[in-house]
Amino acid sequence: MAGDLPLAQDDIERLNAGLADALDDDYGSLGRQLGRRGIDIGAVKAKVAGFSVAVPSWGAGRGGTRFAKFPIPGEPTNIHEKLEDCAVIQQLGRATPRVSPHFPWDKVSDYRALRDEAAALGLGFDAVNSNTFQDQPGQAVSYATGSLSSTRADVREQAVAHNIECIEIGKQLGVTDLTVWVGDGTNFPGQQDLGRSLDRYLDAASEVYAALPGDWRMLIEHKMFEPAFYSTVISDWGSSILVAQELGEKAKCLVDLGHHAPNVNIEQIVARLHRFGKLGGFHFNDSKYGDDDLDSGSINPHQLFLVFNELVEAEMNPRGDFRPAYMIDQSHNVTDPIESMLSSAEAIVGAYAKALLVDREALLAAQEANDTMMAFQALRAAYRTDVTPILAAARAEAGGAIDTIAAYRASGWRGRKAQERRAAGTTAGIV
Ligand code: RM4
Ligand code: MN
Ligand code: MN
């Protein structure tokens with residue numbers, strides 16, 4: 001049960017009261033429009049209310065590039081402060097009730113206490129992320145040669161042990177997913193044997209897999225390049241699904257929107273992974289060039305909608321236990337991270353809501369009849385519908401803000417925290 005939420009609930013209600021008439025008007029009008037299309041707006045709102053996406057602990061602070069980082073006064077610098085900010089996002093937006101932690105970045109001495117601390121703020125935890133792409137102070141051996149796929153047995157053992165430690169932490173946090181992304185790869189042709197490096201990865205990953213409790217999943221996240229710029233061991237969804245199939249039932253694939261070659265058809269990858277029961281998780285962000293980690297829906301909202309069209313299709317026709325771990329995975333380099341995550345969560349839930357509006361019978365009939373234009377129109381009609389009143393109504397009914405960013409700004413949260421929190425460092429990098 002939530003204890004003290006970070007913002008005064010009365011202030012949110014007061015701001016909502018000023019916007020309620022306009023929302024009723026817009027919601028009523030949209031309801032009539034959808035009614036003419038045979039869609040019950042209340043049923044869509046109920047699905048929207050049941051949808052959630054996790055936020056990344058590391059996204060709560062300002063991110064940076066490898067060149068620089070420009071912190072803002074009052075940003076969080078430890079997991080406790082990050083949880084507070086995530087609670088603000090959840091209190092206002094009501095779509096992000098879980099936080100995905102990253103270790104060792106979020107290391108504490110008492111994880112039971114951390115779980116209680118989160119619960120008091122109205123939050124739970126989601127997939128635990130391991131980190132074998134950086135060296136940590138005091139670590140026995142370096143990941144300079146890779147981690148799970150390193151040529152060195154002692155490095156592979158250290159990487160396996162770290163992942164198993166993440167599982168142990170996750171158990172205490174009430175989590176049942178381990179997300180494994182490794183930066184392993186090469187910068188020069190010939191640097192490592194492309195086949196043997198995957199063999200080594202598989203051997204090491206199977207030791208991690210063997211340590212998973214019965215109800216856990218191991219989510220394998222692929223990424224085409226960066227930090228390795230010539231070859232990456234788990235570079236694409238093909239490598240990911242082959243590895244997941246070899247490891248076993250509890251291994252699934254995780255798709256991060258920014259981890260593909262430009263213009264790759266990501267919605268088709270979603271459909272393929274689902275076809276084989278291997279779609280385990282999704283990291284939302286947007287990108288223009290590569291793994292840009294920009295705000296969801298800020299560059300290509302249509303792609304986000306098409307991805308959700310496949311996710312809703314998968315939800316309606318599940319294969320095995322379809323329970324995708326949805327998470328925002330972004331780096332907020334030039335905005336207040338709370339505002340970015342509020343805006344991103346709204347874009348994500350909005351794309352989900354639009355995908356729910358697709359007339360699937362009409363779509364299927366047009367596909368069967370090879371009526372290309374009407375098949376496309378089935379998607380178009382859903383995409384061009386403005387679903388903001390549904391989202392705002394669902395939020396307000398759950399206690400959130402009708403206008404999340406306006407309510408956040410009115411709260412003066414960041415200014416208050418600037419008085420209390422120590423300043424963040426300016427070292428370049430993700431955290
Ligand atoms: C990677 C990948 C992982 C995330 C790290 C910080 O590019 O997206 O999911 O944990 O960045
Ligand atoms: Mn990711
Ligand atoms: Mn990434």
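1. Let me start with H259: an N or O atom of the H259 side chain lies 3.1 Å from an oxygen atom of ligand 1, a polar contact in the sense of a pair of N or O atoms within 3.5 Å. This is a predicted model, where local features need pLDDT of at least 70, side-chain atom pairs count only at pLDDT 80 or more, and totals for chains, interfaces and linings use all residues. Residues are numbered from 1 along each chain as its sequence is written, chains are lettered from A and ligands numbered from 1 in the order in which they are written, and side-chain values use heavy atoms, with hydrogens and water left out.

2. Two further side chains reach oxygen atoms of ligand 1: K223, with an N or O atom at 3.0 Å, and H102, with a polar atom at 2.8 Å. On its own, ligand 1 has 290 Å² of accessible area (Shrake-Rupley method, 1.4 Å probe), of which the protein covers 95%.

3. The residues around ligand 1 (a heavy atom within 4 Å) include W58, W105, W181, E221, D256 and I430. By class, this shell has 4 nonpolar, 3 polar and 5 charged residues.

4. H259 sits in the loop between β10 (251–256) and α8 (266–275), and D291, 32 residues apart from it, in the loop between β11 (279–284) and α9 (301–316); helices (H or I, at least four residues) and strands (E, at least two) are DSSP runs, numbered from the N terminus.

Notes. Polar contact = N/O pair within 3.5 Å; in protein donor to acceptor, adjacent residues only side chain to side chain. Nonpolar A, V, L, I, M, F, W, Y, C, P; charged D, E, K, R; others polar.
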